[in-house]
Each structure stands twice: as C-alpha cells, then as structure tokens.
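Opening the notebook on this one. I want to go through the charged pairs, the rings and the nonpolar cores.

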Amino acid sequence: MPYGWVGQVLRIDLTAGRVTKEPLNMEWARQFIGGRGLGTKYLYEEIDPRCDPLGPDNKVIFATGPLTGTYAPTGGRYMVLCKSPLTDAIACSNSGGYWGPELKFAGYDMVILEGRAPQPVYIWVYNDQVEIRDASHVWGKTTDESEDILRAETDPQARIAGIGPAGENLCRVACVINDKSRAAGRSGVGAAMGAKNVKAIVVRGTGAVPIADPLGFSQVVFQALEVVNKSPTTAKALRGLGTASTVGFTNAVGILPTRNFQVGQFELANNVNGQTIAQTVLTRNKGCYSCPIGCARVTEIKGASKWQGKGEGPEYETIFGLGTDCGVGDLPAVLYANYLCNLLAMDTISAGGTIATAMELAERGYIPPEDLAELPFELRFGNPDAVIGCLELMAYRRGKFGNLLAEGGYRLAEHYGHPELFMGVKKQDFAAYDPRGAKGMGLGYATSNRGACHLRGYSMSQEWFAPPDKRSDPFSIEGKAALQKYVQDKAACEDSAGICTFSMFAVSHEQLCAMYNAATGERLSMDDWWLAGERIWNLERLFNLRAGLGRQDDTLPPRMLREPLTGGSVQGQVVELEPMLEEYYQVRGWDEEGHPRPETLARLGLA
C-alpha cells in the first residue's frame, strides 16, 4: 500500500464511454513527485506533442500531489495538464480549494480524460463508483448554476471542477473553475476540456490519505505552521490584505503594468488597492483546504454603482488584468468583471491581456472602422463598459470580433498585422510585473515552459521582496540565469508536492522535503529533491521541443527590449535578454539552441 499517494489512476475513455482504473506508476511517482511532475510524465508518454490541442488525441489530466489532502499547510492543490489550446506548448494549470483533496479521498491520484464524448457529459465519482452522465441540461450554464444543479443531483457535499460557456465555446483563454471561484486559470485548459464535451468532474470521497510516519509528519507540519504564522508575508500581508496588498508597492516603484504595458504606474491605483478593497467591499477572508493563511477575499459591491454582485476576489493579477492593464480604476467594475470571469470560467490574466491588446490596436487605428462599428461600446483604455462587453463577446464568440477575442491576444494582434502589440510569451499573456523593472522576471517570462508566467519563476521574491542585504539587484542581469533556474526548479517541486506556493514564502524546502518523506515513507535527500525539480523542468522542455517550440520562442515583445519604462525608480530600463538567455542555457546544461545536452538528460534520468 502506498503512502501519501493513494496509488490509483482513473482513466475515462470518452469516445468509447468506458471507465477503467489502474495502479499509479510508482516508479514515475518517485521520480516526478506527483501533481505537475507526474502529470507531465503521463502526458509526455501518452500523447504526440504535435497533436491538435482541441482534437480527440489531446488528453486532459487532473493530477494531485502526495501532500494534497493531508494536513500539510496549504495541502489542497491539484493541476490540470494537456497540450495548451492557447500556446501549443505544455499546459499545466494549478488550482486550490477543495476539489483536489476530495479526489484523493475518493481514492484517486489522477484522472485522465481521453478521446471525445459524442455529446455533453459530466463525470460522477463517488469513491469506487464512477459514471459518465449526460450533461445536456447544464451545457451553456454558468459555473454557479451548473455546480448547484450537479450537486443537487449527486451529493450535497460533492466537490465540482468544471467549465463555463467560455470552455464550451472553445475560447482559448477558458479555465477550469472548482468550488465556484477557484481557478485552474492559465493556458486555456477549459477549452481543452470543452473540446472533449466534458462539463464537469463531480467528486465525493469518504476515504483518507494514508501517512507513512504520522508522528514525524505532525512534527514537521507544526514546525511549518509556526513559521507561516510568524512570517510578515504570510501572516500579515497575505492574511491581512490578500494578494491585492501588492498593488501599492508595484505602483510606487513603477512596475505595475498599465494600458497594455505602455507605462508602469497607474494614476488610479489607490482606487483598486488592497486597503481600499478592505475598507469598502470586503466581507471576509477565506482559505482553501488546510490553509492557515486565508488570502482569498470574499467581496460584495455595495452602494450606487451600476455594477452589482458578490463573489470572490479580486486577486492582484485580476486587478492588473481587468483593471490597470485596461486603464480601468473603477473598483466595482473590476469586481464585476472578476465575478463574470468566474461565472464564464475565463483566466482573468489572459482575458484582460487580450482586451488590453484590443484597446491599443483600436487606439492606434489598426482595427478597421467596420469591425469596431458592430461593438455596442467604445473600445478604448479606461472604459469599463468595454471590459465587460469584451468578456461576454469573448466567452460566447459573438460576432466577428468576439471570435477574434476568443482566440487570445496574440492571434488577435496577428490578425490585424501587429503581433508586436501583444504583451506575452509563447502566445500567453504576461502577469502583473513589468520585466523592465525586474529583469530576472523578464528571463523567467521568456523561458517559462507554459508561456509567460510569474509563478513558474518568481524571481520577484529575490529582486524586490527579499531583505535589502539579500536582494538581487532588479536592474542588473548579473546572476539572473542561476536565480531563474533555482526559482523554476523550486516551483516545480512545490507544484508537484500538492501545496500552495504562498506557504513557501515562509516554509523552507528542507521542511517541504521532510513533509514529503514523512508522508510517503521515501527517503529523498535534498540533492535528490532538487534533482526532481530540475528533472520536471527538463521534461516539460522536451515536450515543447517535440511540439515544435524552441529558442525562437524564448523571447520577449519588442517593447520590453527597446522601449524604456518611465516613472518610479525604473526609468530608462529595458530587458537585456540575449546575454541572460545564453547564460541560462549554459546553467541549464542545454546547447545553444535550447536543447538539453545528452549528458544533462543522462544525469536527470531522462536519456
């Protein structure tokens, strides 16, 4: 009997309507930890990376980690993996809430969806009982509506991960929503699920996650909880104001992306910062499974605004994506857009980035008047009606312009002949940090395996948020290659273990590895632990190389390389990418074209 892992994979052949169960490949589990790493291994072995991401040959994998469903701090994460409809690279999107632990309680480490159902279905999992059920009655409904209906017809305590209208309409920025507001947000995984005609996976489990050394596990968990409750980041900033606590800082130093990254400071930032949210719209804070932090914000629009509603959010990335990046400083409008994205199941970062791209295209006169004439709003920065209107057009693919928006920002800009106005990498939009003021982040965006992403290489933790005596100069390129390798391998271990990266702002990787060992009964050394993170990163790279991506895709938009920022402390800065990229390949043990060298693959057990 395995510990930590529950040892079983649920495979759903949607074409044949067949359910099978198989033992988890424990050799792979030990090599790749779980979650992100293990899901990547299964995906790499089972699909052709050159397949159509919206075709039946793509697979969608829901993967948990060995600490998912335990009482490790923030042990509630799961991953959704597939070939990305947005980037054509590997997609691996992370979500919290309660769905991942529930899958473990039902007795499964992973669910693999393959083929394509002939009509809309949902999967109902109750411990060892698994059914493929008709979903025609919830197809077209929002995530809130469908969750309520599916819970009523299965089990009141069931947990649900599913898609909304955006995924059903194959919008390339669609996400998977669980618990009504937690999102596996990035890379269009909702579109891949929609292409399989799967509305949701509904899970109810009554089991538990077995722990190899309960006493040893409890001791290291309590040590980790102690540091989480003492850390200024986790105990004060995130617990007190959530991720929105970051708005004031990035705006002050000049790296808060505004109006499609044309500037790094927003004159209305105080309207949408963490303090304003706490004082005006916050109802309470909220945590995911086994979370001692509670960074999520439960909010309600109050007062006379024409935008009304309540729900969860906004996160810092949402404030940027649907607010500052679009030049919108109206908090009720940003909140309403956030709620709408949850209902329609869209990634707030890429949805906002697509709209910001459209706004700049329109303001520069690159969109023909006849295309704009069909819109019931003025497409310009600062117009909240344009943000709300574009979200609805995008999710439902309404009209010619809605179809273009649903393809994502890169394809939209390319259609109008100006791909340089898309702010992202590998067709995925930047997150809420302008890399001209944090050059390690620039290298991280450029080399991220899933397209531009802050969480896969969060060098901000060292460039701006570390104590001054330990900080890596954000304006220097020196040492950024080694720094990015470190934070990328670090994130790979965290995502694979099944815990939230926020707890790792306080918890050390020595503690995380000790929790993993106590839970699973393994005896990984720290060298083995870091080697696993590096192995996962390199396997993702191999997937992308087989999919046709390469050095030409490890780049940044011309704006980041040639147009200096103005304002704050970052004036005059651009990203000097090429020397960092060359050093990064050397540090990674890759050749000049970004291919892992044979000796690197041999060292990692990937030959």
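**Salt bridges**

I started with Glu 46, which forms a salt bridge with Lys 59; their closest N and O atoms are 2.9 Å apart. I keep in mind that this is a predicted model. The two partners come from distant parts of the chain, 13 residues apart: Glu 46 sits in helix α2 (residues 35-46), and Lys 59 in the loop between α2 and β3 (60-64).

Buried or exposed, what is Lys 59? I get a relative accessible area of 13% for Lys 59, so it is buried, the cut-off being under 20%. Glu 46 comes out as partly exposed at 26% relative accessibility.

I also found that this pair belongs to a network of salt bridges, in which Arg 11, Glu 22, Glu 46, Lys 59 and Glu 114 are linked. The structure holds 46 salt bridges.

Next I looked up Arg 397, whose salt bridge with Glu 407 has its closest N and O atoms 2.7 Å apart. Arg 397 lies in the loop between α15 (384-396) and α16 (399-406), and Glu 407 in the loop between α16 and α17 (409-415), so the pair ties together parts 10 residues apart in sequence.

Glu 578 is partly exposed, with a relative accessible area of 40%.

**Rings**

I count 27 aromatic pairs in the structure. In one of them, Phe 105 and Tyr 289 have ring centres 6.1 Å apart and planes at 65°, so I log the pair as edge-to-face. Phe 105 is in helix α3 (residues 99-106) and Tyr 289 in the loop between β13 (282-286) and β14 (296-300), 184 residues apart.

Tyr 433 and Tyr 458 are edge-to-face too, at 5.7 Å centre to centre with 70° between the planes. Tyr 433 is buried at 3% relative accessible area, and Tyr 458 is buried at 13%. Both are in a cluster linked by ring pairs, which also includes Trp 464 and Phe 502.

I noted two charges over rings: Arg 398 over the face of Tyr 396, at 4.3 Å from the ring centre, and Arg 546 over the face of Tyr 44, at 4.8 Å.

**Cores**

Which residues touch the most other members of the largest nonpolar core? Out of its 92 residues, I get Met 346, Leu 379, Leu 391 and Phe 401. Helix α12 (residues 331-344) gives the largest share, nine residues.

Terms used. Residues numbered from 1 in each chain as written. Predicted model: local features only at pLDDT ≥ 70, side-chain atom pairs only at ≥ 80, totals over all residues. Heavy atoms only, no water. Phe/Tyr/Trp six-rings, centres within 6.5 Å; stacked < 30°, edge-to-face > 60°. Helix = DSSP H or I, 4+ residues; strand = E, 2+ residues; numbered from the N terminus. Buried < 20%, exposed > 50% of the residue type's maximum accessible area, 1.4 Å probe, protein only. Lys NZ or Arg CZ within 6 Å of the ring centre and 35° of its normal. Core = buried A, V, L, I, M, F, W, Y, C linked by side-chain atoms within 4.5 Å. Salt bridge = Lys/Arg side-chain N within 4 Å of Asp/Glu carboxyl O.
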